[in-house]
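Visitor: Can you walk me through this one? I'd like to pick at a few spots.

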Amino acid sequence: MSASQPLRSHSDIVSVLRAAGCVFAEDEARLLIEQARTPGDLATMVSQRTAGLPLEHVLGWAQFCGLRVTVDPGVFVPRRRTEFLVHRAVALARQCNSQAGAALAQPCTVVDLCCGSGAAGAALAAALGRIELYSVDLDPAAVRCARSNLAAIGARVYEGDLYDPLPVTLHGRVDVLVANAPYVPTEAIGLMPAEARIHEPRIALDGGCDGLDILRRVIAAAPIWLAPGGHLLIETGQGQARQAAKIIIHHGLIPRTSHSDDLNATVIIGTKPADTG
Ligand SMILES: C[S@@+](CC[C@H](N)C(=O)[O-])C[C@H]1O[C@@H](n2cnc3c(N)ncnc32)[C@H](O)[C@@H]1O
């Protein structure tokens, strides 16, 4: 089929997507057809996709923890594996609340560092109901995107470097601190799929020499912000888990590692001892 011929059917589009190397061509074709408002729209979307733009950037949204999260061009696409970080955070936040006792339960105070589109915060709010959410990203495009995704839940979204823009009134008050920060070692970026390498910003991927540069800074300052008994949760590669746990111990937090084979996801938890002020 030539590019100038109109795309008439699902099977036409499947063929074009398949020829371009899209593995889930059937599903993608269905989503593109559902999303397009006009045949012209559909043709544009199919050609964007065959040119290598991530499906989520073509559609303008990603599915994450059952939510449809807006993902603007140039903003990191939330990954399925990060749903594991959210599930672990939800379980810990529920424990915090049940320990406080139903009558005393306050909305959980949650910080999402390196929030990207704001997907993790949105999913935590959807699962937990009332939360006080603070999200931060360095990239202005991500901050705009997160603000639009989180407006309905009244989250505060800040632009800046890690903890810098957060109000100091949060010191010692954060129940759950999540960070899916960049953790790809610089040299491994060249091995990533083209969709990520070309269409996602380097700042969203590059974790420095061993991939842990940003996470080291996240962990080092976490004890200042966590409430006694509060939890830091970070996503890492499986091979980085041991080193990340050592850094967590070095900063006085109690480490725990969780892994999901299904999602190929690793989360390191650092808990601030409950008897510290
Ligand atoms: C791997 S992406 C994850 C985004 C989001 N947490 C998610 O799971 O979809 C990492 C994000 O960290 C942001 N980032 C990188 N360095 C940062 C820094 N020093 N302070 C705040 N955000 C940073 C990037 O802009 C990017 O949005």
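Visitor: Which residues are buried in α9?
Guide: I214, L215, V218, I219, A221, A222 and W225 are buried in α9. Buried means under 20% relative accessible area (1.4 Å probe, protein chains only). Helices are DSSP runs (H or I, at least four residues) and strands likewise (E, at least two), numbered from the N terminus. This is a predicted model: local features need pLDDT of at least 70, side-chain atom pairs count only at pLDDT 80 or more, and totals for chains, interfaces and linings use all residues. Residues are numbered from 1 along each chain as its sequence is written, and side-chain values use heavy atoms, with hydrogens and water left out.

Visitor: What covers them?
Guide: The cover includes β3 (108–113), β6 (174–179), β7 (226–236) and α10 (241–250).

Visitor: New topic. Where is S117 found?
Guide: S117 is in the loop between β3 and α6 (119–128).

Visitor: Is S117 buried or exposed?
Guide: Buried, with a relative accessible area of 3%. Its side chain reaches the backbone nitrogen of A119 at 3.4 Å.

Visitor: Now the ligand. Which residues come nearest?
Guide: C114, D137, D161, L162 and N180, of the 18 residues around the ligand. Around means a heavy atom within 4 Å.

Visitor: What does D161 do there?
Guide: An N or O atom in the D161 side chain is 2.7 Å from a nitrogen atom of the ligand.

Visitor: And which ligand atom does D137 lie by?
Guide: An oxygen atom, 2.6 Å from a polar side-chain atom of D137.

Notes
A polar contact is a pair of N or O atoms within 3.5 Å; within protein, one must be able to donate a hydrogen and the other to accept it, and residues adjacent in sequence count only if both atoms are side-chain atoms. Buried means under 20% relative accessible area, exposed over 50%, partly exposed in between (1.4 Å probe, protein chains only). Contact means heavy atoms within 4.5 Å.
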